[in-house]
Amino acid sequence: MKVLVYGAGQLAQMMYLAAAPLGVDVKAVDVSNREILHPVSKQKLELNLDYALADVDVVTAEFEHVPEELLSIAEESGKLSPNARSILTGADRVREKALLDSCGIPNAEYRIIRRFTELEDVIQSLGERVILKASRDGYDGYGQWRYQSPDDMEGIKTALASLDLDTVPIVAEKMVNFDREISLVGARTKDGKTACFDIAENLHHKGQLHVSIAPATHLSDALKAKAQEIFTAITNALDYVGVLAVELFQVGDSLLVNEIAPRVHNSGHWTQNGAETCQFEQHIRACLNFPLGAMHTNKVTAMINIIGCTSFSRDLISIPGCHLHWYGKEVREKRKMGHINVTAESYHELSNKLEQLMTYLPEPYFPKISGEIGRLR
Ligand code: ATP
Ligand code: MG
Ligand code: MG
């Protein structure tokens, strides 16, 4: 069987690696020029897109910002999984908010800004702290502006003045005073069955995921059930097939959806070493209509993103249960270069291993990881 992935980054690479043992071949598409690439070597393959689309069993996407025309071509072929509506909903915060509201799913209070002249009024109406998000093409906190005091207004006006709000409106959200961020990654099959991994707890820095711990500690059964209900409501509404992630804010006993990702997700990378079946294999299974794999957690796991640096020793893999996943990309500031999964039998053991791991990593990693070590003990 063959799968074509829109996008040729690390998620396509990891889908390839997980699909190979099932006898499934994965090829990647650079959506900027429609070239077909090998997902690991990134070598250009002598295939055109039309041929590749005709040749494969399933077309999927590793990111939501795929040109609409490419989604349409794949949808018309009957091979796109998840469907175009799901991918477009994940790509556009206006559509995403409409979906959440129509399902009655709590999310951060918001208003949509379609005219520059509305900016100040909208910010005033939402409160003292507001986060402005471009409705399209944002990720890792790009395309976002934070209003935390009146001093920020001028800078935000300058940044937004150059945007075309007719085509890309802004979603202004009230800043949520959350206790923590968690995410639920799960799968839905063609016949409408859903199954989820354990919920991960996520630590962000400057809008970018740095560390996930799974399963999230101290999570009540009631909140777990609530998150699963949200996952089921969203995926049923979209008639979704494949793996989807829901990013959530926990505020006391309630959950607000931050956003959804219609794909495999960074906060699900821990499943590669901590769960019975990883999210990449599960996505391939769901899209190809194979039976899903078991999704239980085998080990408590910490996932640490390596961001914008390569200056550490590979010897960190000498720590038992420490697994390096390297993407082979050129180093750039804020770029995700790879991640490390550390698995353990208990949170206490995990904290000891994280302490060991710190000795291998450059200093900017220390504050994040040492915070986790303290919390897990
Ligand atoms: P991703 O890489 O996850 O797709 P993104 O660029 O789409 O990121 P969001 O997930 O919307 O951005 O926001 C990034 C981070 O900013 C969140 O994980 C959270 O830490 C913070 N954030 C976003 N919206 C809010 C909000 N309404 N209140 C408080 N914090 C927020
Ligand atoms: Mg996002
Ligand atoms: Mg996010």
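Me: What should I know about the model and its numbering?
Reply: The model is predicted: local features need pLDDT of at least 70, side-chain atom pairs count only at pLDDT 80 or more, and totals for chains, interfaces and linings use all residues. Residues are numbered from 1 along each chain as its sequence is written, and chains are lettered from A and ligands numbered from 1 in the order in which they are written.

Me: In what order do the four strands of the open sheet stand?
Reply: Strands are DSSP runs (E, at least two residues), as helices are (H or I, at least four), numbered from the N terminus. Two strands pair if DSSP finds at least two bridges between them. Here the order is β3-β2-β1-β4, with mixed pairing.

Me: How does strand β2 run relative to β3?
Reply: Strand β2 (residues 25–30) runs antiparallel to β3, joined by three bridges. Asp 30 is opposite Glu 35 of β3.

Me: Which domains does the assignment give?
Reply: Bounds come from an automatic or database domain assignment. For this protein it gives domain 1 (2–80), domain 2 (109–174) and domain 3 (180–376).

Me: How many residues of domain 1 are in contact with domain 3?
Reply: Contact means C-beta atoms, placed from the backbone, within 7 Å. By that test, 17 residues of domain 1 are in contact with 14 residues of domain 3. On the domain 1 side, α1 gives the largest share, seven residues.

Terms used. Contact = placed C-beta atoms within 7 Å.
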